[in-house]
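Start by loading the structure.

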Amino acid sequence: MTVPGTAREFRDAIRAGRLTAVDACTRALERIGRTDPALHAFQTVSADRALARAAAIDRGRAGLDRLPLAGVPIAIKDNICINGVTTTAGSRILEHFVPPYDATVVGRLEQAGAVIVGKTVCDEFAMGSSTENSAFGPTKNPWDPDRIPGGSSGGSAAAVAARMTPVALGSDTGGSIRQPAALCGVVGLKPTWGRVSRYGLIAFASSLDQIGPFATTVEDAALVLQAIAGPDPCDATAAAHGVPDYVTALPNEPAKALRGRKIGIPRRLLESGVDADVRAAFDAAVSQLEDLGATLVDVDLPHSRHAIAVYYLIATAEASSNLARYDGVRYGLRAPLGPDDDLISMYERTRAAGFGAEVKRRIMLGTYVLSAGYYDAYYLKGQQVRTLIRRDFDRAFESVDVVAVPTSPTTAFRFGERTEDPLQMYLADVFTVSAPLAGLPAISVPCGFGAGRLPVGLQLTGRPFDETTILGIAHAYERTAGWWKEEPPDLKVGPT
């Protein structure tokens with residue numbers, strides 16, 4: 001038989017008896033064993049746990065039709081807690097931390113029948129755009145191992161791109177799902193803030209963080225979102241909104257789905273800073289949407305040019321507060337102390353040894369902008385401009401259904417190119433930070449290739465809690481364009 005490629009295909013094969021959950025899990029683990037040594041997408045592989053879970057699903061075969069992700073192998077970013085599985089958040093300070101509980105999304109995935117095969121590499125505390133900030137070494141891009149896979153969820157993106165698992169979970173604070181999805185040529189969805197519970201997600205910036213799926217196809221992303229979305233009594237910020245049937249709502253006929261849809265293009269944002277090959281792929285993608293019946297409408301998002309500055313004020317401020325808990329007292333690393341060291345010395349030694357350079361940089365920036373003399377000038381001003389960014393989108397959505405931009409202004413860059421220039425690294429998120437600042441859903445779908453056959457992503461941003469629309473438009477484009485079928489070199493999966 002042909003090896004299933006998508007989550008939907010895995011599930012259907014297992015339901016039909018053409019494949020067992022144990023077989024599916026074993027194949028995923030074998031592929032990880034063959035492929036991951038060259039890529040380092042996985043921080044931890046939980047083979048025994050995964051096989052036991054798969055065997056339990058096979059024993060309950062009579063109920064498989066009620067499990068939307070029956071037997072589907074899935075990877076989880078290493079800042080999402082799994083009971084009994086080491087969860088490091090890419091940091092030495094949590095190198096040996098084993099959570100005593102599951103994140104809500106983990107419990108919901110397993111209730112839906114998914115089989116979690118391991119934890120993926122991420123930038124330390126999700127702070128980065130390349131995985132180069134992981135304390136345990138970076139992930140490599142399956143399309144070119146000399147290049148970064150994006151970040152901070154680069155391990156999850158690479159795992160899906162390399163077909164180690166058909167789906168994976170990541171977290172998105174300023175673009176950490178969508179940017180690596182674009183650079184690795186897969187689908188990445190950041191839901192509306194509050195659509196998915198953050199209980200069990202190790203916090204970076206609480207008003208921005210959101211868990212979401214990576215997937216081979218938009219339909220797979222909808223399947224996973226369907227499983228993990230919804231209210232949660234463990235998370236007061238999880239919205240009480242009902243969860244639509246995202247999968248059923250996907251259009252069967254692309255032309256009909258796009259007829260009458262209005263796609264907003266903020267052309268002034270694209271006037272500079274976008275590589276020519278990325279711009280060409282983006283222009284071709286929106287032209288294809290137009291050919292399928294959509295109308296392209298110019299929109300203005302005047303305050304989005306300030307989004308990077310606003311993001312790095314708000315995100316660092318929240319990070320400095322959230323990371324204060326890592327002090328060597330309750331859990332995580334405690335640095336060795338001398339006989340003359342006091343409590344303050346323990347804090348200083350622990351945090352100096354446990355945190356990497358980027359995390360220290362952001363803690364210091366955040367502490368500065370929250371300090372008494374600068375709070376109004378920086379943090380408060382940033383929150384005010386954040387409101388203006390949201391209002392710009394609200395006005396745009398009065399005349400359009402989604403806003404389209406390239407996901408990243410460049411294709412994947414080489415390791416080391418931006419590590420000495422943090423500002424250039426931060427600018428990798430120039431098109432992704434506005435959506436989390438405004439609390440909006442956004443999706444990245446493959447839309448072609450740039451120079452060197454490196455993937456390019458198309459980003460669609462929608463109204464709050466209207467994931468149905470962005471999924472529908474992305475699905476219609478994907479089915480017509482067919483970029484999702486492309487695989488990295490030397491990773492073709494043939495009959496077995």
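## Terms and model

A cavity is a set of grid points where a 1.4 Å probe fits but cannot get out. Its volume is the space filled by probe spheres set on those points. The model examined here is predicted.

## Overall build

The protein chain contains 16 helices and 11 strands. Its radius of gyration is 21 Å, close to the 23 Å that the globule rule gives for 496 residues, so the chain is as compact as a globular protein of that length. The C-alpha trace spans about 70 × 55 × 45 Å along its principal axes.

Burial comes next. Of the 496 residues, 60% count as buried. The chain exposes about 18200 Å². Carbon and sulfur atoms supply 52% of that area. Take the contacts between residues at least 6 apart in sequence: 76% of them join residues at least 24 apart.

## Cavities

How many cavities of 30 Å³ or more does the structure hold? There are three. The largest cavity has about 60 Å³ of space. Its lining counts 13 residues. Closest to the centre are Ala 126, Gly 128, Ser 176, Tyr 311 and Asp 429. By class, the lining of the largest cavity splits into five nonpolar, six polar and two charged residues.

The second largest cavity has about 50 Å³ of space. Which residues line the second largest cavity? They are Trp 143, Gly 185, Pro 446, Cys 447, Gly 448, Phe 449, Pro 455, Val 456, Trp 483 and Glu 486. The largest share, four residues, comes from β10. Seven lining residues of the second largest cavity are nonpolar, two are polar and one is charged.

## A pocket

Pockets are open, unlike cavities, from which the probe cannot get out. The second largest pocket has about 270 Å³ of space. It is lined by 17 residues, and the closest to its centre are Tyr 101, Leu 201, Ile 202, Ala 203 and Arg 325.

What classes make up the lining of the second largest pocket? The residues divide into 10 nonpolar, three polar and four charged.

Conventions
Residues numbered from 1 in each chain as written. Predicted model: local features only at pLDDT ≥ 70, side-chain atom pairs only at ≥ 80, totals over all residues. Heavy atoms only, no water. 1 Å grid on protein atoms, 1.4 Å probe; cavity = no way out; pocket = protein on both sides within 12 Å on 5 of 7 lines; lining within 4 Å. Nonpolar A, V, L, I, M, F, W, Y, C, P; charged D, E, K, R; others polar. Helix = DSSP H or I, 4+ residues; strand = E, 2+ residues; numbered from the N terminus. Rg over C-alpha atoms; globule rule 2.2 N^0.38 Å. Buried < 20%, exposed > 50% of the residue type's maximum accessible area, 1.4 Å probe, protein only. Contact = heavy atoms within 4.5 Å. Areas by Shrake-Rupley, 256 points an atom, 1.4 Å probe, with all protein chains shown as cover.
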